[in-house]
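Subject: Structure handover

Hello,

Here is the structure we talked about. Please open it first, then read the notes below.

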Amino acid sequence: MLLNRKLKMGMVGGGPGAFIGEVHRKATRMDGHIELAAGAFDINPRKSRQMGHELLLDSKRVYGNYEQMIERELKLPEGERIDFVSITTPNNWHFPIARDFLKAGFHVMCEKPMTFNVKEAKELQTLVKKSRKVFGLMHNYTGYPMVKLARDLVRGGELGKIRKIIVQYPQGWLSTAVEKTGSMQAAWRTDPKQSGGDFCQRPEARRRWQRPLAFQQRCQRYSTCQPGFYRRREQSSHLGLRRPEKFGMASRASQLSLCQRAGWACPDMATRE
Ligand SMILES: NC(=O)c1ccc[n+]([C@@H]2O[C@H](COP(=O)([O-])OP(=O)(O)OC[C@H]3O[C@@H](n4cnc5c(N)ncnc54)[C@H](O)[C@@H]3O)[C@@H](O)[C@H]2O)c1
């Protein structure tokens with residue numbers, strides 16, 4: 001059905017100082033066909049209200065938590081209530097929030113990762129099929145022009161027979177104990193109960209999209225390299241994949257990559273691992 005109005009978006013997460021919520025809001029402004037209509041922006045209800053105020057939202061549409069948002073939005077007439085929700089909370093919240101909004105009849109755009117484990121992912125898949133609602137997952141790197149170009153080059157045969165793919169994702173922002181400095185982003189990312197397997201999926205998601213083949217072998221090593229400082233969650237991964245027809249892939253992802261911080265071109269140099 002073609003709407004003669006903008007889509008109304010609700011947001012969960014994206015409170016004051018949050019990272020990706022504002023990126024979603026910017027994207028909707030650029031798109032021009034979506035308006036932010038409601039939100040439960042922060043785990044702290046006071047900060048959620050503060051964010052709603054800063055965004056000039058109707059205070060009646062700014063909620064203390066997402067359950068309240070579902071309950072009250074459902075009471076609004078169709079066309080006034082939100083059409084979909086954008087989930088921009090830390091990882092541990094993605095599944096329950098997506099599940100509850102789908103059950104309430106809303107479309108969902110969810111930040112990655114979809115869920116914490118396969119069991120939850122399957123439950124969500126069943127629910128999406130049953131609800132007949134849209135469930136979108138933010139593997140946004142697949143939208144990058146360079147990645148699309150790489151896919152087209154492979155599909156068009158311009159690179160010949162692919163024998164090996166090397167994927168790298170170097171970041172350096174966690175190469176010091178930044179979570180001790182009050183960084184909200186670092187605090188939950190270094191807590192396995194909140195972050196789960198967030199980090200190491202990026203290169204894998206990109207590789208699968210470019211060449212969606214099942215793989216035969218997989219070896220994975222995680223390391224927690226922080227001299228004199230122990231973290232409960234891994235910040236680096238090395239992944240090796242081999243296909244039956246000898247097609248191989250090597251992937252390396254790190255948040256301790258010093259060269260990335262220094263702005264060097266070669267991500268394999270001077271990585272403290
Ligand atoms: N696709 C990408 O490129 C990309 C990039 C960065 C982050 N992310 C994902 O985005 C998500 C958020 O990351 P971030 O860096 O913006 O985190 P962040 O810490 O900057 O912000 C999280 C926000 O969610 C709020 N929040 C937490 N629990 C909540 C709840 N139950 N209800 C309402 N609000 C709640 C926090 O108060 C905070 O405002 C993560 O899942 C992360 O994996 C994706």
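How far does α5 reach from its first C-alpha to its last? With 14 residues, α5 reaches 20 Å, close to the 20 Å expected at 1.5 Å a residue. The expected span of a helix is 1.5 Å times one less than its number of residues.

Two notes on reading the model. Residues are numbered from 1 along each chain as its sequence is written. This is a predicted model, in which local features need pLDDT of at least 70, side-chain atom pairs count only at pLDDT 80 or more, and totals for chains, interfaces and linings use all residues.

Overall picture

The protein chain has 10 helices and 9 strands. Helices (H or I, at least four residues) and strands (E, at least two) are DSSP runs, numbered from the N terminus. Of the 273 residues in the protein chain, 30% are buried. Buried takes 20 or more other C-beta atoms within 10 Å of the residue's own; exposed takes 12 or fewer; partly exposed is in between; C-beta atoms are placed from the backbone. Among contacts in the protein chain with a separation of 6 or more, 62% are between residues 24 or more positions apart. Contact here is between two residues whose C-beta atoms, placed from the backbone, lie within 7 Å.

The ligand

There are 25 residues around the ligand, and Gly-13, Gly-15, Ala-18, Phe-19 and Ile-20 come nearest. β1 (7–13), α1 (20–31) and α7 (184–189) are the elements that give two or more residues to this shell. Near means that the C-beta atom, placed from the backbone, lies within 6 Å of the molecule or strand. The largest share comes from α7, with 3 residues. By type, the shell has 12 nonpolar, 9 polar and 4 charged residues. Ala, Val, Leu, Ile, Met, Phe, Trp, Tyr, Cys and Pro count as nonpolar, Asp, Glu, Lys and Arg as charged, and the others, Gly among them, as polar.

Where does the ligand lie relative to domain 1 and domain 2? It lies between them, because domain 1 (7–138) and domain 2 (150–262) both give residues to the shell. The domain bounds come from an automatic or database domain assignment.

Helix α7 also holds Arg-189. Arg-189 is buried, as 23 other C-beta atoms lie within 10 Å. Arg-189 and Glu-179 are 10 residues apart in sequence, and their C-alpha atoms are 8.8 Å apart in space.

The nonpolar core

The largest nonpolar core has 30 residues. Val-12, Val-85, Ile-87, Ile-97, Ala-98, Phe-101 and Val-108 have the most contacts inside it. Two or more residues each come from β1, β2 (34–40), α3, β3 (84–88), α4 (94–103) and β4. Such a core is a set of buried Ala, Val, Leu, Ile, Met, Phe, Trp, Tyr and Cys residues joined through C-beta atoms within 7 Å. In soluble globular proteins, nonpolar side chains tend to be buried together.

Take Ile-87. Leaving aside neighbours within four places in sequence, its contacts include Val-12, His-94, Ile-97, Val-108 and Glu-111.

Helix ends and backbone

α1 has 12 residues and reaches 16 Å, close to the 16 Å expected at 1.5 Å a residue. Gly-32 follows α1, with a positive phi near 85°.

Back to α5. Ser-131 lies in this helix. Ser-131 is partly exposed, with 17 other C-beta atoms within 10 Å. Its C-alpha is separated by 7.1 Å from that of Lys-103, 28 residues apart along the chain. Arg-132 follows α5 and has a positive phi, near 55°. Arg-132 is in the loop between α5 and β5 (135–138). With 9 other C-beta atoms within 10 Å, Arg-132 is exposed.

Most residues other than glycine have a negative phi, and most peptide bonds are trans. Leu-56 has a positive phi, near 60°. Leu-56 sits in the loop between α2 (45–54) and α3 (66–75). It counts as exposed because it has 7 C-beta neighbours inside 10 Å.

Which peptide bond is cis? The bond joining Lys-112 and Pro-113 is cis, with omega about 0°. Pro-113 lies in the loop between β4 (107–111) and α5 (118–131).

Best wishes
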